[in-house]
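Thanks for passing this one along. Here are a few notes to read with the structure open beside you.

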Amino acid sequence: MSEHLNRVHYLKPEMLHQLDDLEMIAREVVEGLRVGSHRSPLRGFSTEFSHHRQYAPGDAIRDIDWRVYGRTSRYYTKLYEAETNYDCTILIDGSASMTYGSATVSKLEYAKYLAASLAYIVLKQRDSVGLSVFDSEVRAYLPPRSSMNLLVQLDRLLHEIKSEPRTTIAKQLHDIALMMKRRSVVVVISDFFADVNDIMSGLDHLRHDGHNVIVLHTLDPYELSFPFKGTWQFDGLEQEEPLTTQGERIREDYLRQFNRYREAFQTACGGSGIEYALVETSRPLDGVLSEFFHQREAMLSGSAIGGRT
Amino acid sequence: MTFLNPLLLIGALGLALPILAHLINRQQVQRTDWAAMQFLNRSIRVRSRQIRLRDLLLLLMRCLALLLLVIALARPATTGEGFAWLPGETRAGVVIAIDGSFSMQHRDGDASRFDRALELTRFIGERLQPGDLVSLVLLGGTHRVVLRNAAYDPARFAKAMEDLQPTPQVLDLESVPKHLAALVDEMDAIQKEVYLISDIQTRHWERTSVPLRESLVQLGHSAKVFLIPVSGSAENLAVTDLDFVSGFLRKDAVARYRATVNNFGESPASEVEIRCRVEGVQIDTKRIPMIAPGQSETVSLFVPFYNAGPKRISAEVTDASLAVDNVCRVVASVRERVSVLCFDGSGGDASRLIKAGLLARPTGAEDEGYSVRTVQWPAFPVGSLDAFDVIVLTDVPEITAEQAKKLLQFVRQGNSLVWFAGESVKAAAWNKLAEENSVPLLPAKLGQTVDTRDELGVGKPLAPTLPDHALTRPLASLPEDLLSETRFLRQIQVEPTDSSFPVLSLAGGGSPVLLEHSLGRGHVFLFTTSANNDWNNMALTPVFPMLMQQIVTHLTGREFEQPRFVGDALTLAYVDQPDANDAVFETPSEQTIAVPVRSHRNQYVALLERADEAGFYTAKVSVQAPGMPIAVNVDSKESDVSCLTATALSQVLQGTGIEVAANEVELDARINMVRTRRSSWRFFLVAALCLLIGESLLADRVLGRKTSPAKTASSSPTGEAT
């Protein structure tokens with residue numbers, strides 16, 4: 001993994017070439033403001049009406065056209081289409097817990113690679129990218145812009161991050177939501193080691209503000225499998241009390257609690273209309289992105305087909 | 001608490017291993033930063049503490065199990081109230097030693113001392129538990145271990161006792177403690193006991209040597225030792241000696257034997273009848289009116305020989321108390337005839353005197369069975385010398401190498417040579433001959449002729465160098481003045497060979513007069529003086545005929561005529577290599593023992609290492625060959641069957657730690673008193689095993705349940721966290 005990432009090192013041409021083939025935003029046919037050749041990822045939030053389609057369970061109630069209902073006694077939902085140049089805001093968790101890495105690349109480093117790659121893809125589509133870094137508070141916020149120069153600022157900002165412990169995540173997300181002027185795609189890269197309710201409180205705020213939220217749950221493979229054997233002292237990165245124990249004996253308990261948390265978080269994201277993707281830092285970055293985009297494309301295609309029927 | 005194998009307690013140091021492993025394990029704590037601390041929450045922290053406690057418990061259980069195992073292997077033994085709570089069993093290792101010497105056959109009534117010893121052995125056996133270790137040994141000249149460190153089984157023990165019989169041997173008391181100590185050391189028992197059952201003969205125990213006392217004390221350190229006397233009266237008559245005194249061991253001659261009967265008892269023995277048997281036929285009887293207590297009497301037994309060959313002669317008394325020493329045996333090798341050939345280089349004077357001395361008759365007449373032939377040197381028979389038994393060379397100047405070879409062969413075949421010095425003897429020629437032969441014919445290198453007279457011109461008298469030699473024994477019966485009349489004026493100086501020894505010498509520590517050495521099966525006598533009157537006056541005194549006749553009688557005897565004692569080795573020697581590889585010894589109980597024949601110093605010897613029975617053995621060159629009897633007697637030292645009193649025995653054993661149990665009641669009391677040590681090794685072993693099983697189950701419960709998920713994770717490339 002590390003070799004792969006070193007080879008990639010931010011936006012290496014090989015990786016860019018691979019990402020060119022991924023067709024990340026093949027979702028709806030919305031062209032960006034500058035190019036207009038792509039479907040906007042903000043489908044459903046545009047004010048420009050496109051057409052009706054019969055209501056299907058799962059559609060938002062607010063999109064039901066009550067006037068059509070009054071005439072036809074049938075539920076129809078209004079579909080909007082806007083050729084728009086969408087904004088993508090990448091939120092990176094820069095807290096101390098993100099500095100953990102069982103191999104040479106920590107979660108934070110991996111998050112940096114991931115954010116840079118996403119930004120490049122978006123910028124290459126001539127969309128706008130914004131960036132925010134937070135830990136115990138919002139450390140930086142770059143409003144979305146479509147210049148490739150942003151990547152340089154992104155790189156510098158990411159290098160300047162000094163990890164700080166944090167206790168909550170909701171407050172930082174609330175603050176960021178207030179900073180964002182326009183509805184956009186918000187990609188949150190974090191390990192989300194916090195209370196699920198607390199996390200969801202912040203994410204829901206973004207969601208309620210009309211943002212399309214994507215959660216990239218970035219975890220180290222050791223956090224997923226807990227392969228420790230022998231006597232280990234675990235020093236908390238966020239000022240928790242150290243624990244000395246035998247790894248193999250507590251593994252079962254750990255995994256049970258960890259998986260319970262993950263399932264709860266994933267379920268909560270699903271319930272709030274937040275896309276969830278697990279990113280394991282041992283995996284090659286291009287593979288992760290490729291898989292993520294394929295899944296996303298498939299999911300969006302399904303919705304569109306459904307919309308037409 | 002004591003330990004049977006205390007050195008094994010060193011194994012307790014092994015306790016350090018699990019502790020060390022635990023500490024090392026604790027020292028080898030690896031550290032890592034960890035982000036997901038929220039999942040190592042309170043319950044896991046509590047569980048970790050529980051795990052540490054369980055680990056500590058497991059460690060304690062392992063250490064305790066190891067300690068118990070070490071204690072079990074060290075074989076703990078406990079005594080006293082303090083350890084009464086500890087389960088254990090009383091286990092004994094017992095060595096029972098029964099005196100099997102022939103004095104134990106002595107009986108005062110119906111039962112012998114040995115029978116009584118067997119009863120006591122059974123009594124001790126009844127107080128053993130099946131599984132106790134027991135050794136049973138029969139003591140004698142050599143000690144026979146009947147049971148060695150065997151688990152006690154009543155049936156097997158009884159069977160072993162059935163085969164026990166006293167031996168005709170003398171007790172070798174000096175070696176008993178060490179032998180018993182070796183048996184004790186072999187025993188892996190917590191309570192070691194030695195029971196020595198003996199008749200406590202006065203001659204053995206009255207004056208114990210310092211080494212014996214020391215070894216008894218050492219034995220007392222190894223085990224609890226009980227001495228159980230089976231004493232009886234001292235009454236015993238024994239024929240202790242049967243000696244050939246005079247006469248001729250040839251056909252149609254009569255020999256006089258002297259039997260010695262000893263009364264070892266405390267009361268006089270009257271009308272003691274001694275019967276003499278030849279080949280089992282009673283030929284003479286003598287009666288001794290009375291033998292005082294502790295005294296011996298001798299009687300002369302006249303034995304006529306009607307034909308040639310080896311004769312088994314015995315002297316026997318009747319004594320019911322101890323039969324084995326009632327008989328004393330001897331073998332006589334009776335020749336068809338005795339022929340003496342005398343070569344004389346002095347001109348005839350010496351040979352005449354020699355012949356007169358040998359025949360001891362004024363007329364010098366010969367009989368059919370005894371011939372003395374004289375020849376003037378240098379005549380020497382061309383043919384074989386086998387017709388002669390003894391050859392005398394007197395004043396012979398020198399002989400040729402061929403003659404020397406012939407004489408050497410003659411002697412080695414079992415015949416004999418007597419050599420006298422004289423004026424004509426050329427010492428240099430004889431010495432040269434001796435140097436040329438690997439085995440010298442004469443027992444000394446010859447030197448110059450010297451004058452042995454004192455300042456007054458008086459020669460030196462004779463003095464026996466070996467008083468017990470067959471030649472000098474009759475001289476002891478001569479009046480002293482008669483012996484001192486024999487004067488020696490001159491003699492030839494000699495340098496004795498390593499294998500020779502002087503029999504007679506000049507008085508006052510002078511040079512030897514008569515030397516003897518053996519060649520093969522024969523003997524050579526060398527007189528350093530002359531046979532005629534030139535150098536001495538010996539021929540004019542009774543000394544000369546006595547000496548000459550004894551020489552011939554002695555030389556015509558055979559080595560196997562000398563009786564042996566039980567325990568001695570028996571030999572059969574050959575000059576020529578026998579056809580059979582094995583010689584055969586038939587025992588008095590008619591058992592046949594084949595013995596290999598080995599080459600030894602120019603002859604062939606079959607050696608039976610031990611004669612275990614008293615009686616007449618028969619040695620044969622092969623199964624079909626005629627046998628030569630060998631008399632084997634018991635050693636009369638054991639015939640003194642008097643026993644120490646209890647008081648004297650207590651004094652003797654003072655300071656040795658050995659206790660005396662005079663009867664069954666005392667023995668029972670001492671066994672009960674001493675057998676208090678309990679062996680608890682089984683308890684410790686079971687406890688250790690239980691702890692180990694408990695520890696394994698607990699470890700399995702603690703570790704097994706927890707490690708199973710880890711096994712599934714072991715397929716991960718990060719099997720070992722770094």
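1. Let's start with a pairing in chain A: strand β4 (residues 128-134) runs antiparallel to β5(A), and five bridges join the two. Within that pair, F134(A) has V138(A) of β5(A) as its bridge partner. Strands here are DSSP runs of E of at least two residues, helices are runs of H or I of at least four, and both are numbered from the N terminus. Two strands count as paired if DSSP finds at least two bridges between them.

2. A word on the model: it is predicted, so local features need pLDDT of at least 70 and side-chain atom pairs pLDDT 80 or more, while totals for chains, interfaces and linings use all residues. Residues are numbered from 1 along each chain as its sequence is written, with chains lettered from A and ligands numbered from 1 in the order written.

3. Now the whole sheet: six strands of chain A form an open sheet with mixed pairing, in the order β5-β4-β3-β6-β7-β10. Because β5 (138-145) and β10 (275-280) of chain A are at the edges with a single partner strand each, one side of each has no neighbour in the sheet. From one strand to the next, the twist averages 15°.

4. Next, a helix: α4 (residues 107-124) of chain A lies across β3 (87-93), β4, β6 (185-190), β7 (212-219) and β10 of chain A, at about 175° to β3(A). Angles run from 0 to 180 degrees between N-to-C directions, with axes fitted to C-alpha atoms, for helices over the stretch in contact.

5. Finally, chain B: its secondary structure comes to 15 helices and 34 strands.

Definitions and conventions: Two residues are in contact if their C-beta atoms, placed from the backbone, lie within 7 Å.
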